[in-house]
Amino acid sequence: MADYHLYSADISPFAQRVVMQLEFKQIPFTESVPPGGLKSEAFAAISRIGKIPVLQVGSVHLPESEVISEFLEQTHPDPSLLPDDPMERANCRLIARIADLYIMEAMVPLFANLSRATRNQEHVDRALSVLDRGLGYLEPWINPAVHAVGGRLTLADLAVAPILRYAAEYPPIFGMTTPFGERPNVSSYYDRCREHALIDSGLSRIEAGWQALRRKPQ
């Protein structure tokens, strides 16, 4: 029986970060969507924050992907997803932080404006500007290669690749046709990150989640 249960969803880049980490470390786990949905009383009893992922460890329900990732790295250190060099470790954490706070967060207003009928163009324009600035923050820190930091898979890849997949998918809907166009490091990394099978599987789950969502009756 698995020691861990993950409340997750395929479309969540934050959940996929944890799924990929569990898979990389070959940690047994079970997985399900939040019971009754994110806003249900049943899920509120599991996590008052009301967001995914949540990792159940015995009687504890641990929220927030970054916290979960650090917990798993400390409790299952081998194989490691952190660089050996202290500065590269800092770089790894910085990339994840930029992806969370300045790229994914910038896109949140876009999701609320997908419908042309109710779209607030001012909110969209502001979001695209903030997103472009966030991609600029990422540019000097990310390798233009298969791996974001150093020469192997790290927590930076698990964090940034799913979020960049969102950045490649949604801004073009609003006219930002080449989100990475003037960011050669970001663009090259995004083009190559799927060469790693684990990253490809995580991004494929996100894409499958999008397809399932779009098939649902509106």
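Predicted model: local features only at pLDDT ≥ 70, side-chain atom pairs only at ≥ 80, totals over all residues.
Apart from its neighbours within four places in sequence, S69 is in contact with R17, V18, Q21 and L155.

The protein is divided into domain 1, covering 4-75, and domain 2, covering 86-215, and the centres of domain 1 and domain 2, taken over C-alpha atoms, are separated by 21 Å. To the contact, domain 1 contributes 16 residues and domain 2 contributes 20 residues.

The size of an interface is often expressed as the accessible area that is lost when the parts come together. Here domain 1 and domain 2 bury about 1,600 Å² between them, and carbon and sulfur atoms account for 64% of that area. On the side of domain 1, the residues that lose the most area to domain 2 are I11, R17 and M20, which together make up 38% of what that side buries.

## Polar and charged pairs across the interface

Between domain 1 and domain 2 the count is four salt bridges, and there are also five residue pairs in polar contact, with both residues at pLDDT 80 or more. Helix 1 (13-24) and helix 3 (65-75) each supply at least two residues of the side of domain 1 that touches domain 2, the largest share, nine residues, coming from helix 1. By residue class, that side of domain 1 comprises six nonpolar, four polar and six charged residues.

The side chains of R17 and D100 meet in a salt bridge, with an N to O distance of 2.5 Å. R17 is also one of the residues in contact with S69.

Most peptide bonds are trans, and most residues other than glycine have a negative phi. Against that background, the peptide bond from I52 to P53 is cis, with omega near 5°, and P53 is found in the loop between helix 2 (41-46) and strand 3 (54-57). A cis peptide bond also joins D78 and P79, where omega is about -5°; P79 is placed in the loop between helix 3 and helix 4 (86-111).

Q26, although not a glycine, has a positive phi of about 55° and sits in the loop between helix 1 and strand 2 (29-32), where its relative accessibility of 70% makes Q26 count as exposed. E64, likewise not a glycine, has a positive phi of about 75°; E64 belongs to the loop between strand 4 (60-63) and helix 3 and, at 40% relative accessibility, counts as partly exposed.

How values were computed: Residues numbered from 1 in each chain as written. Heavy atoms only, no water. Domains from an automatic or database assignment. Contact = heavy atoms within 4.5 Å. Buried area = accessible area lost by both parts, 1.4 Å probe. Polar contact = N/O pair within 3.5 Å; in protein donor to acceptor, adjacent residues only side chain to side chain. Helix = DSSP H or I, 4+ residues; strand = E, 2+ residues; numbered from the N terminus. Nonpolar A, V, L, I, M, F, W, Y, C, P; charged D, E, K, R; others polar. Buried < 20%, exposed > 50% of the residue type's maximum accessible area, 1.4 Å probe, protein only.
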